[in-house]
Amino acid sequence: MAIPFPRLLLGPGPSEPHPDVLAIQQKPLLGHLDPDFLQIMSETQVLLRQVFQTKNDVTLAVSGTGMAGMECVLTNLLEPGQKLLVCTAGFFGDRMINVAQRAGAEVAVLRGEWGNCFTLADIEKALVEHQPAVLAIVQAETSTGVLQPLEGLGELCHKHRCLLAVDAVTSLGTSPLDVDGLQIDAIYSGSQKGLGCPPGLAPVSFSTQAMDRIKARKKPAQSYYLDVVELMKYWGPDRGYHHTAPISSVYALHTGLKLVNDEGLQARWKRHVQNKELLKAGLSRLGITYFTQEHCQAPALSAVNIPAGLDDMTIRKRLLNDFGIEIGGGLGALKGKAWRIGLMGYGSRPENVDKLLAALAKCL
Ligand SMILES: *Cc1c(COP(=O)(O)O)cnc(C)c1O
C-alpha cells in the first residue's frame, strides 16, 4: 500500500504536524551519543522547560507515546502499597487507575460527572478522607473535552502533604500551563497532540520534591526503561547509554518545540481558543451542540453530541472517504453518542475549521 494518503487529521490525535517537523525527520541519522546529537538533546530540554514553564532539572522526553509518560510518572512516584488519589471523569483518568494498580499502589478514586470539571472543594474533601501520597488528574480530558482548572490545586495538595501529578497530553501547547507557578510535581505529555509532532515521544518533568521522594524509594521503580533515575544517566550530565533514543523523533520534537516558542505560548493559547470558537459557531449553525459543559471546554478538543437520527460510523466514513477528513468517535460511555474534533497544534487553523464545516454540512 502506498503511503501516505493525504488526510486532514482533526480527531483527538495524532494532529497534523507542521511541514518543518515532517521535513526535519528526513535528515541523516546521528549516533545517539554523537556530540551533535547530545547538543540537540540539551536544546530540546531547554525548549521543553520553556514550554512547561519550569526550572525542573529533570525534564526530558521519554521514548514512547503519551502512555509511556503516564507510566513513567505513576510508576516512579508510587511504591507498592502507597496511596494514590485519582480524580477522574473520563477515559484517560480511568487509565491512570489501571496503570497505578499495576504498579502495586493502593488507589482511591474521586469520580466526577463526564463533561464537567472538579472543584477545589470536591478535591479537598477527598484529600482529607484518603490522605494520599500522590494526587493525579488530567488537565485536558480528551475523551470528554473538559479542561480542568488547576489554579490552587498544587498548594492544596502540598497543604495535605501530597504530590500533584498532571496529565498534559492534550493541554501542553494548547492551553495555559505553568508547571512551576501551579506547583505541579510531576507532569507528562505526548508529542503528537498540542505540540504538533508525530507520535513517539513523551515529555515529562519532575520537581525537586518529586525527585527527593523517588530517590528515597525502598526499591527502584519496577520498569528499568521508564526509571527516571536511570533515564537521567542519559538525559543528565553523564550522557551515558541507557537506550537508543529515537533520533529522528527527537529532531522532530526539537523543531516542533522551537515552533511553539517562536509563536509564543500566549499567542498559541489564544489561537487555539479563537479557532475553537470559530468551530463552535459553525457547528451551532448546523444544529450540533457540545457535550462538555460551557464553563470548562478545552480549546484543543471539542466533544460534541451526534444529532439524533444520525449514524456515527456512516458520517465518519463519509468524512474520511469523500473528504479525507478524520474526526474521532466517542470513547467508553460516549461511543456512538459523541464526536471528538481536535484542533491542536499546527492543525488549529481557520481553513481547517472551514473545510470540516463544509464537509459536515454535505454529510448531514
Ligand atoms: C492521547 C492521550 C493519552 C495517551 O497518549 P498516547 O500517545 O495515545 O499513548 C493520555 N492522556 C490523554 C489526556 C490523552 O489525550
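**Ligand site, cavity and backbone**

Around the ligand stand Thr65, Gly66, Met67, Phe92, Val138, Ala140, Thr142, Asp167, Val169, Thr170, Gln192 and Lys193, a residue being near when one of its heavy atoms lies within 4 Å. The model is predicted: local features need pLDDT of at least 70, side-chain atom pairs count only at pLDDT 80 or more, and totals for chains, interfaces and linings use all residues. Residues are numbered from 1 along each chain as its sequence is written, and side-chain values use heavy atoms, with hydrogens and water left out.

**Ligand**

- The shell around the ligand comprises five nonpolar, five polar and two charged residues; Ala, Val, Leu, Ile, Met, Phe, Trp, Tyr, Cys and Pro count as nonpolar, Asp, Glu, Lys and Arg as charged, and the others, Gly among them, as polar.
- Polar contacts are pairs of N or O atoms within 3.5 Å.
- A polar backbone atom of methionine 67 is 2.8 Å from an oxygen atom of the ligand.
- From the side chain of threonine 142, an N or O atom lies 2.4 Å from a ligand oxygen atom, and for a polar side-chain atom of lysine 193 the distance to an oxygen atom of the ligand is 2.7 Å.
- Of the 380 Å² of accessible area that the ligand has on its own, the protein covers 89%, by the Shrake-Rupley method with a 1.4 Å probe.

**Cavity**

- There is one cavity of 30 Å³ or more; on a 1 Å grid over the protein atoms alone, a cavity is a set of points where a 1.4 Å probe fits but cannot get out, and lining residues have an atom within 4 Å of a point.
- The largest cavity holds about 100 Å³ of space, a volume being the space filled by probe spheres set on the grid points, which are joined across faces, edges and corners.
- Its lining has 13 residues, with Ala89, Phe118, Val138, Glu141 and Gln148 nearest the centre.
- At least two lining residues come from each of strand E3 (83–88) and strand E5 (134–138); strands are DSSP runs of at least two residues and helices (H or I) of at least four, numbered from the N terminus.

**Backbone**

- The peptide bond from glycine 13 to proline 14 is cis, with omega near 0°, and proline 14 sits in the loop between strand E1 (8–9) and helix H1 (19–24).
- Glutamine 131, which is not a glycine, has a positive phi near 45° and belongs to the loop between helix H5 (120–130) and E5.
- Arginine 161, also not a glycine, has a positive phi of about 50° and lies in the loop between helix H6 (153–159) and strand E8 (163–167).

Terms used: On a 1 Å grid over the protein atoms alone, a cavity is a set of points where a 1.4 Å probe fits but cannot get out, and a pocket is an open set with protein on both sides within 12 Å along at least five of seven lines; lining residues have an atom within 4 Å of a point. A polar contact is a pair of N or O atoms within 3.5 Å; within protein, one must be able to donate a hydrogen and the other to accept it, and residues adjacent in sequence count only if both atoms are side-chain atoms.
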